[in-house]
Amino acid sequence: MSKHTPGPWIVTRRTQKEGDCNPGIWIHGKDHQTVFDSGALDVFPLSEANATLIAAAPDLLQSLEYVLAMIAEDDLIPEDVSYMRLARAAIAKAKGTS
């Protein structure tokens, strides 16, 4: 899997008045790199809640990796605790390695 567009990601709601673009939701990263464009794909507009969650994905991944690293340094928590397995599975899924 190729690397994702670096965060932070920003959600922008476009209207028809903004030039010749299709109305919809645009999620973009640094230097306005397109992450998702509901108008360009001519699909049902992505809901604002879904767009916000998608835009938070890079920050959520980075935070989860950091928290896991901090927990791993603390030998009081066993590696096989269910939430540790869930967290590692979520990271693998986000990186396309699951």
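**View 1. Overall fold of the predicted model.** This is a predicted model. The protein has two helices and three strands. Along the sequence they run β-β-β-α-α. Of its 98 residues, 23% count as buried. The accessible surface comes to about 7,100 Å². Carbon and sulfur atoms hold 60% of that surface. Take the contacts between residues at least 6 apart in sequence: 32% of them join residues at least 24 apart.

**View 2. Confidence along the chain.** The mean pLDDT of the protein is 77. Residues that reach 70 or more make up 80% of the protein. Helix α2, residues 82–95, has the highest confidence, with a mean of 88. Strand β3, residues 34–37, has the lowest, with a mean of 77.

**View 3. The largest nonpolar core.** Six residues form this core: Leu61, Leu68, Ile71, Met84, Ala87 and Ile91. Two elements, α1 (48–73) and α2, each give two or more residues to the core. In soluble globular proteins, nonpolar side chains tend to be buried together.

**View 4. Close-up of Ile91.** Ile91 is one of the residues of the largest nonpolar core. Leaving aside residues up to four places away in sequence, Ile91 touches Leu61, Leu64, Glu65 and Leu68.

**View 5. Helix α2, length and end.** Helix α2 has 14 residues. From first C-alpha to last, α2 reaches 20 Å. That is close to the 20 Å expected at 1.5 Å a residue. Just after α2, Gly96 takes a positive phi of about 75°.

View 6. Which residues of α2 are buried? They are Met84, Ala87, Ile91 and Ala92. Their arc around the axis is only 135°, so they lie on the same side of α2. Leu86 and Lys93 are exposed on the other side of α2. The cut-offs are under 20% relative accessible area for buried and over 50% for exposed. What covers the buried residues of α2 includes α1.

How values were computed. Residues numbered from 1 in each chain as written. Heavy atoms only, no water. pLDDT = per-residue confidence, 0-100. Helix = DSSP H or I, 4+ residues; strand = E, 2+ residues; numbered from the N terminus. Buried < 20%, exposed > 50% of the residue type's maximum accessible area, 1.4 Å probe, protein only. Contact = heavy atoms within 4.5 Å. Areas by Shrake-Rupley, 256 points an atom, 1.4 Å probe, with all protein chains shown as cover. Core = buried A, V, L, I, M, F, W, Y, C linked by side-chain atoms within 4.5 Å. Expected span 1.5 Å × (residues − 1). Arc of directions from axis to C-beta.
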